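This note is written for a colleague who is meeting the structure for the first time. Please read the numbered points with the model open alongside.

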Amino acid sequence: SQSGNYLLAGSALRNGSNNRDFVVAKLDVNGKPVAGFGEAATPGCRAIAFDRGGSNIDTALAIQLTNTNQILVAGESQTGTDDSRASVALLTASGALDSSFGTNGRATFSLCNSCFVSRIGGLTRQSDGKIIVAGTGYMTTNPVNKGDIAVVRLLPNGALDTTFGIMGKRLVSFMLDGGQPSIDLGRTAAIGDDGKNVLIGGTIQVDAEHPSKRDVVLIPLKLQ
């Protein structure tokens, strides 16, 4: 919530096209849009287009309110079936894109160097402003075959923090019995009370014949 109001993130079709954009909505306690937030044409809502080309399907999957009342929203921006990038936008308290972050308030990147599809499931921010995102990196053109839990750290300006993991990225991979690849999904990220660790939550595939049969996994990672 923000000042007693509620923040929601999702996606919506753009008027007159099949393109889909991130959408952030701010509602009061009665569920009504909050005037003064977002765009004049749609009070209480802000659409965010990454427009990478192709199908232009941008899907917001996570939202985080910072201690300075800025709003981080993250997900994926997709140009086609086998091409998507992890995407993060930073909004001011009034719903405007913060130009100090990324390119005009937006940052896109791959969760791993060999990923065809990168999808953020959750994010959090450290006390120094660095941003931790957790998600799934799919390493083949067919995402049903193989996915690893991915963790990336960004600097406050949206650039990759190359002091974390390998050039800002860390993969956590699990295997099925017999050494078969599995589909592992990164869903959440939470900073520990001491600020020195992050807990990544997700699910891992446990049955090769039944991909929907999954276990919950918690992965602690050191930040320093």
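1. The structure holds three salt bridges. The model is a predicted one, and the points below should be read with that in mind.

2. One of the salt bridges joins Glu76 to Arg119, and their closest N and O atoms are 2.6 Å apart. Glu76 belongs to strand β7 (residues 71-80) and Arg119 to strand β10 (residues 117-125), so this pair ties together parts that are 43 residues apart in sequence. Are the two partners buried or exposed? Glu76 counts as buried because its relative accessibility is 6%, which is under the 20% limit for that class. Arg119, with a relative accessible area of 30%, is partly exposed.

3. Asp161 forms a salt bridge with Lys130, in which the closest N and O atoms are 3.1 Å apart. Asp161 sits in the loop between β12 (147-154) and β13 (169-172), while Lys130 sits in the loop between β10 and β11 (131-138), so the pair ties together parts that are 31 residues apart in sequence. Both Asp161 and Lys130 are buried.

4. Which residue besides Lys130 forms a salt bridge with Asp161? That residue is Arg153, and the closest N and O atoms of Asp161 and Arg153 are 2.8 Å apart. The relative accessible area of Asp161 is 3%, so Asp161 is buried. Arg153 is likewise buried, with a value of 5%.

5. The lining of the second largest pocket includes Lys130 and Arg153, together with Gln126, Ser127, Asp128, Thr163, Ile191, Gly195, Leu223 and Gln224. This pocket contains about 150 Å³ of space. By class, its lining has five polar, three charged and two nonpolar residues.

6. The largest pocket has a volume of about 240 Å³. Its lining is made by Ala12, Leu13, Arg14, Asn15, Asp21, Val23, Glu39, Ala41, Thr42, Cys45, Arg46 and Ala47. In terms of class, six of these residues are nonpolar, four are charged and two are polar.

7. Which strand gives the most to the lining of the largest pocket? It is β5, with three residues. Strands β1 (6-13), β2 (20-27) and β5 (45-48) each supply at least two residues of this lining.

8. Leu218 has its place in strand β16 (residues 214-222). Its relative accessibility is 58%, so Leu218 counts as exposed; the class begins over 50%.

9. Most residues other than glycine have a negative phi. Asn104 is placed in the loop between β8 (83-91) and β9 (106-109).

10. Leu7, in strand β1, has a relative accessibility of 14% and so counts as buried. Leu7 and Gly53 are 46 residues apart along the chain, and their C-alpha atoms are separated by 28 Å. Asn157 is found in the loop between β12 and β13, and with a relative accessibility of 41%, Asn157 counts as partly exposed. From Asn157 to Arg125 the distance in space is 12 Å, C-alpha to C-alpha, for a separation of 32 residues in sequence.

Definitions and conventions. Residues numbered from 1 in each chain as written. Predicted model: local features only at pLDDT ≥ 70, side-chain atom pairs only at ≥ 80, totals over all residues. Heavy atoms only, no water. 1 Å grid on protein atoms, 1.4 Å probe; cavity = no way out; pocket = protein on both sides within 12 Å on 5 of 7 lines; lining within 4 Å. Points joined across faces, edges and corners; volume = space filled by probe spheres on them. Helix = DSSP H or I, 4+ residues; strand = E, 2+ residues; numbered from the N terminus. Nonpolar A, V, L, I, M, F, W, Y, C, P; charged D, E, K, R; others polar. Buried < 20%, exposed > 50% of the residue type's maximum accessible area, 1.4 Å probe, protein only. Salt bridge = Lys/Arg side-chain N within 4 Å of Asp/Glu carboxyl O.
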